[in-house]
Amino acid sequence: MSFTVNKSTKLGDLLHYRLKVTTIDGRSYVGQLLAFDQHMNLVLADTEEARVTKKLYQELAKNKAEGQVKATEEKRFLGLIVLRGEQVVGFTIQTGPTADMKKRFNQLKQGKGVSKPLKVPVSQKAKLQGPTKK
């Protein structure tokens, strides 16, 4: 799969691409870009967070004193997230879009949804009342 990225590429051209987003607190998020707005708020799907915890920093300092430098990030799966634009430092492209959206929608199977009328119409149901005095 190939995709072209040049200086004129805009964020709108990267919808459905898999991005690695870095935030000001040092965390990185890898997920599929679903949406964004003028404030650079990002909606990412199937997102995985990677971060270095205080405990890992302490181990790194200890290992560095012993001559061993080994930094591992703690990862966790978050799913669908919204990243606030003021937290975003930058992003890089991991992979291109997974599939053409029209092609993906055509692969979806039609469900067997069933519509049933209510036994008692909403207009005839008893109105909700607040707490009563005893």
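**View 1. Gln32 in strand E2 of the predicted model.** Gln32 is found in strand E2, where strands (E, at least two residues) and helices (H or I, at least four) are DSSP runs numbered from the N terminus. Gln32 counts as buried because its relative accessibility is 10%, buried meaning under 20% relative accessible area, exposed over 50% and partly exposed in between, with a 1.4 Å probe and protein chains only. The side chain of Gln32 reaches the backbone oxygen of His16 at 3.4 Å; a polar contact is a pair of N or O atoms within 3.5 Å, of which, within protein, one must be able to donate a hydrogen and the other to accept it, while residues adjacent in sequence count only if both atoms are side-chain atoms. The C-alpha atoms of Gln32 and Lys20 are separated by 8.9 Å, and these residues lie 12 residues apart along the chain. Residues are numbered from 1 along each chain as its sequence is written, and side-chain values use heavy atoms, with hydrogens and water left out. Since this is a predicted model, local features need pLDDT of at least 70 and side-chain atom pairs count only at pLDDT 80 or more, whereas totals for chains, interfaces and linings use all residues.

**View 2. Strand E1 and its two partner strands, E2 and E5.** Strand E1 (residues 18-23) and strand E2 (residues 28-36) run antiparallel and are joined by five bridges, two strands being paired if DSSP finds at least two bridges between them. Arg18 has Gln32 as its bridge partner in E2 and stands opposite Thr95 in E5. E5 (residues 88-95) pairs with E1 in the antiparallel sense over six bridges. Four residues lie between E1 and E2 in the hairpin that they form, and Gly26 in this turn has a positive phi of about 90°.

View 3. Thr23 counts as buried because its relative accessibility is 6%. Leaving aside neighbours within four places in sequence, Thr23 is in contact (heavy atoms within 4.5 Å) with Tyr29, Leu83, Gln87, Val88 and Val89.

**View 4. The open sheet of five strands.** The strands follow the order E4-E3-E2-E1-E5, with antiparallel pairing. E4 (74-83) and E5 stand at the edges with a single partner strand each, so one side of each is left without a neighbour in the sheet. From one strand to the next the twist averages 30°, taken between axes that are lines fitted to C-alpha atoms, with angles running from 0 to 180 degrees between N-to-C directions. E2 and E3 (residues 42-51) pair over seven bridges, with Ala35 opposite Val43 and Ser28 partnered by Ala50. Eight bridges join E3 to E4, where Glu74 is the bridge partner of Arg51.

**View 5. The largest nonpolar core.** This core has 12 residues in all, among them Leu11, Leu14, Tyr17, Leu19, Val21 and Tyr29; a nonpolar core is a set of buried Ala, Val, Leu, Ile, Met, Phe, Trp, Tyr and Cys residues joined through side-chain atoms within 4.5 Å. E1, E2, E3 and E4 each supply at least two residues of the core. Not counting residues up to four places away in sequence, Leu14 touches Thr9, Leu33, Phe91 and Ile93.
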